[in-house]
Amino acid sequence: MIDKVFASVTDALRDVPDGATVMIGGFGTAGLPNELIDALIDQGAKDLTIVNNNAGNGDTGLAALLAANRVRKIICSFPRQTDSHHFDRLYRSGQLELELVPQGNLAERIRAAGAGIGGFFTPTGYGTELAKGKETREIGGRMYVFESPIHADFALIKAERGDRWGNLSYRMTARNFGPIMAMAATVTVATVHDVVELGSLDPEAVVTPGLFVQRIVKVRRVATSAGGFKQVA
Amino acid sequence: MHKWSREQMAQRVARDIPDGAVVNLGIGLPTMVANHLPSGREVVLHSENGVIGMGPAPAKGAEDFDLINAGKQPVTLLPGGCFFHHADSFAMMRGGHLDVCVLGAFQVSATGDLANWHTGAADAIPAVGGAMDLAIGAKQTYVMMEHTTKGGESKIVAQCSYPLTGIGCVSRIYTDLAVIDVTPQGLKVVDCVDGLSFDELQKVTGVPLARQ
């Protein structure tokens with residue numbers, strides 16, 4: 001029998017090794033898998049490469065992982081924010097490597113990894129600092145930059161509902177990076193607020209098919225740092 | 001010299017967005033355009049974090065932080081709106097499916113190069129977000145910015161001195177003094193504030209302008 005449901009976030013992250021590349025879903029606080037990030041901090045893996053759109057806010061979640069000196073490199077599109085002080089300090093002191101990627105290239109590089117694509121030519125960033133040193137090509141009269149896929153050992157994502165096969169549905173803009181990160185990682189761990197019986201997710205509304213997901217953990221619906229979201233009716 | 005206020009600039013941009021257009025409004029000044037869309041025009045707003053058909057901000061107390069825009073502010077969803085993941089959202093831009101994108105800028109060049117993501121200062125931490133994808137993706141990229149810096153230097157320049165966001169991507173510039181089209185023949189003035197002569201406008205603009 002297939003059963004991808006893990007009892008706790010701790011159980012689901014036991015085997016994250018030092019030096020792993022870990023994707024973390026979320027845009028702002030929407031879709032950020034806080035419980036998994038906290039469990040990763042407790043778990044102790046270090047020398048990590050983190051892939052996330054941002055580089056942590058305030059003193060919790062990803063910011064706390066950075067503050068604990070567990071991250072060697074971060075691949076993201078928008079690190080600088082008013083409350084990214086932990087990132088700012090580590091970056092300025094040279095303790096944290098930054099690979100800055102335009103947001104759409106970041107998404108497509110993740111998608112490419114999951115889809116078995118060895119890279120792609122994109123017009124985004126052509127002629128800018130962020131394309132320096134990269135292969136370029138003229139295609140149909142337009143200039144493109146070559147971008148490579150980003151694979152991960154683990155993806156930590158937040159979904160809304162799941163079943164024991166790992167099928168997932170999301171809630172509103174909390175979907176963001178979840179579906180593509182699930183495809184790009186060797187082991188995808190998703191938190192959900194409901195684990196439902198096989199067959200009770202509407203097959204037309206499954207966003208991430210279970211084969212992209214290795215582990216799911218039920219977590220309580222809690223307030224987000226930005227003020228909380230309402231209970232689903 | 002008379003200038004358009006930020007509200008008037010937003011109004012002026014909104015006037016040019018046609019019925020049925022799918023539009024992405026950048027963070028800051030461009031966001032204000034949403035408040036001035038003429039009633040009776042159905043304009044569909046896209047936000048790069050994964051939503052199309054965005055409505056206005058929710059009432060106080062009704063915020064849902066699973067439903068936010070690219071500025072991470074709570075928004076609402078209009079009937080017909082929907083959600084999608086990040087790769088699809090940027091495919092909408094890069095694939096040329098958005099009609100108009102409105103962005104802020106530090107500088108725009110005479111050939112439509114855009115600089116809006118980084119001052120290039122040595123101690124600044126760079127952050128790009130979706131700026132580069134937005135700049136090159138939409139069918140029309142509009143820029144909204146002050147015509148000159150606080151020091152009086154033209155923000156319309158022969159060549160951008162700030163790091164580029166995209167090359168030749170801007171189609172129209174809305175400043176607090178004028179509306180200017182970027183064309184293969186150069187910059188053409190479409191409109192300017194009441195009482196401002198072409199010669200006066202040319203004097204505060206870093207590159208040659210043409211009359212429409």
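Reader: Which strands of chain A does helix 5 of chain A lie across, and at about what angle does it run to strand 6 of chain A?

Author: Helix 5 (residues 103-115) of chain A lies across strand 6 and strand 8 of chain A, and runs at about 165° to strand 6. Axes are lines fitted to C-alpha atoms, for helices over the stretch in contact, and angles run from 0 to 180 degrees between N-to-C directions. Helices (H or I, at least four residues) and strands (E, at least two) are DSSP runs, numbered from the N terminus. This is a predicted model, in which local features need pLDDT of at least 70, side-chain atom pairs count only at pLDDT 80 or more, and totals for chains, interfaces and linings use all residues. Residues are numbered from 1 along each chain as its sequence is written, while chains are lettered from A and ligands numbered from 1 in the order in which they are written.

Reader: What makes strand 7 and strand 8 of chain A a pair?

Author: Two strands pair if DSSP finds at least two bridges between them. Strand 7 of chain A is joined to strand 8 (residues 142-147) by four bridges, so the two pair, and they run antiparallel. Ile139(A) stands opposite Arg142(A) in strand 8 of chain A.

Reader: Why are strand 6 and strand 7 of chain A called edge strands?

Author: Strand 6 (120-122) and strand 7 (136-139) of chain A each pair on one side only. The open sheet has the order 6-8-7 in chain A.

Reader: How do you know that the buried residues of helix 4 of chain A line one face?

Author: The buried residues in helix 4 of chain A are His86(A), Phe87(A), Leu90(A) and Tyr91(A). A residue is buried if 20 or more other C-beta atoms, placed from the backbone, lie within 10 Å of its own, exposed if 12 or fewer, and partly exposed in between. Seen down the axis of helix 4 of chain A, these buried residues fall within an arc of 120°, so they line one face of the helix. The arc is that of the directions from the helix axis to the C-beta atoms.

Reader: What makes strand 8 of chain B largely enclosed?

Author: Four of the five residues of strand 8 (residues 140-144) of chain B are buried, so the rest of the structure largely encloses this strand. Met144(B) is the bridge partner of Gly104(B) and stands opposite Tyr174(B) in strand 10 of chain B.

How values were computed:
Two residues are in contact if their C-beta atoms, placed from the backbone, lie within 7 Å.
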